[in-house]
Amino acid sequence: MNTRITQLLGIEYPIIQGGMAWVAEHHLASAVSEAGGLGLIGGANAPGEVVREEIRKAKKLTNRPIGVNVMLLSPHAEDVAKVIVEEGIKVVTTGAGNPEKYMEMWKAAGIKVIPVVASVALAKRMERYGADAVVAEGCESGGHIGEQTTMTLVPQIADAVSIPVIAAGGIGDGRGIAAAFMLGAEAVQVGTRFVVSKESIVHDNYKRRIIKAKDIDSAVTGRTHGHPVRSLRNQMTREYVKLEEEGKSFEELEYLTLGTLRNAVLEGDVINGTVMAGQIAGMISKEQTCKEMIEEMMEQARKLLGR
Ligand code: TUI
């Protein structure tokens with residue numbers, strides 16, 4: 001399954017890993033790249049120097065390409081943007097904003113720039129600014145999301161731009177990959193399934209919560225303040241929704257979630273922590289290595305697509 005994305009990135013399979021905050025560190029990124037996909041270090045809210053260390057550690061574990069995801073709401077986004085250039089990273093994805101102001105610097109360094117977008121308008125704008133591809137991310141995804149579903153977003157973006165499109169949101173097996181290709185995508189981004197991989201450093205409680213999840217077990221908090229985030233329902237999401245209904249300010253609600261993703265990922269607090277995961281969690285049933293996951297997904301996709 002050679003596509004413009006596998007060629008652009010020099011990877012074997014058209015699968016890239018989501019840049020998940022706290023989760024996408026060097027063990028996961030190198031395992032996905034070693035298995036033939038594109039692994040990414042998630043910059044999240046980390047300072048530039050922390051990201052630099054993660055990049056160096058990942059490079060010790062694989063000679064294959066790895067990317068970095070820049071979370072644009074981070075106070076350290078600018079530092080991370082520079083570290084990527086200094087460390088010779090060749091692929092960047094961005095999330096939760098518009099990366100325009102970094103594009104020139106990245107392009108000049110020969111970096112492939114792949115913004116994650118949740119609308120046709122931003123996809124077109126990114127193409128004009130020189131993006132090499134876009135990730136069209138539907139609201140089935142975990143974490144910070146837009147409003148459009150993957151089913152509606154991917155074909156509309158594929159029609160609107162000439163650069164290749166990577167589909168994201170709700171993709172966790174070969175059927176999802178085949179469907180994404182039918183919608184016009186040339187690769188997929190997978191997040192939630194990789195969270196439960198053997199190489200993922202995520203706390204066992206978090207992995208078990210995803211493996212046990214049913215289709216309807218995620219909830220979206222933060223819609224009232226324009227920062228919708230999908231995570232698995234728990235004490236924290238119930239409390240958040242209650243306070244949102246009471247009309248609490250964005251600042252008060254932010255305070256409630258401060259550090260809660262870290263607590264869930266590293267400490268295993270799946271009760272008061274934020275267990276970000278996509279709607280496909282209900283279908284994810286077992287821990288496997290990244291290689292097993294990728295090979296299983298590709299085999300299924302190839303059969304369905306007749307390739
Ligand atoms: O970025 C993500 N997913 C994320 S980031 C994150 S860390 C975080 N935690 C709590 C609150 C906020 C962030 C967790 N998950 N996905 C990519 C993505 N980007 N989805 C949607 C967007 C997006 C939305 C609006 C991109 C651009 C945009 O508008 C930008 C503009 O200026 O038009």
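**View 1. Surroundings of the ligand in the predicted model.** Fourteen residues, written here as 14, surround the ligand, and the closest are Ala 96, Gly 97, Val 116, Glu 137 and His 144, where a residue counts as near if one of its heavy atoms lies within 4 Å of the molecule. The model is predicted, so that local features need pLDDT of at least 70 and side-chain atom pairs count only at pLDDT 80 or more, whereas totals for chains, interfaces and linings use all residues. Residues are numbered from 1 along each chain as its sequence is written, and side-chain values use heavy atoms, with hydrogens and water left out.

View 2. For His 144, a backbone N or O atom lies 2.9 Å from a nitrogen atom of the ligand. Taken alone, the ligand exposes 720 Å², of which the protein buries 71% (accessible areas by the Shrake-Rupley method with a 1.4 Å probe).

**View 3. The buried side of helix α3.** In α3, the buried residues are Gly 48, Val 51, Arg 52, Glu 54, Ile 55 and Ala 58 (buried means under 20% relative accessible area, with a 1.4 Å probe and protein chains only). These residues cover an arc of only 165 degrees around the axis, which puts them on the same side of α3. They pack against α2 (26–34), β2 (39–42), β3 (66–71) and α4 (77–86).

**View 4. Gly 176 in helix α8.** Gly 176 lies in α8 (residues 174–182) and counts as buried because its relative accessibility is 15%.

Terms used: Buried < 20%, exposed > 50% of the residue type's maximum accessible area, 1.4 Å probe, protein only. Helix = DSSP H or I, 4+ residues; strand = E, 2+ residues; numbered from the N terminus. Arc of directions from axis to C-beta. Contact = heavy atoms within 4.5 Å. Polar contact = N/O pair within 3.5 Å; in protein donor to acceptor, adjacent residues only side chain to side chain.
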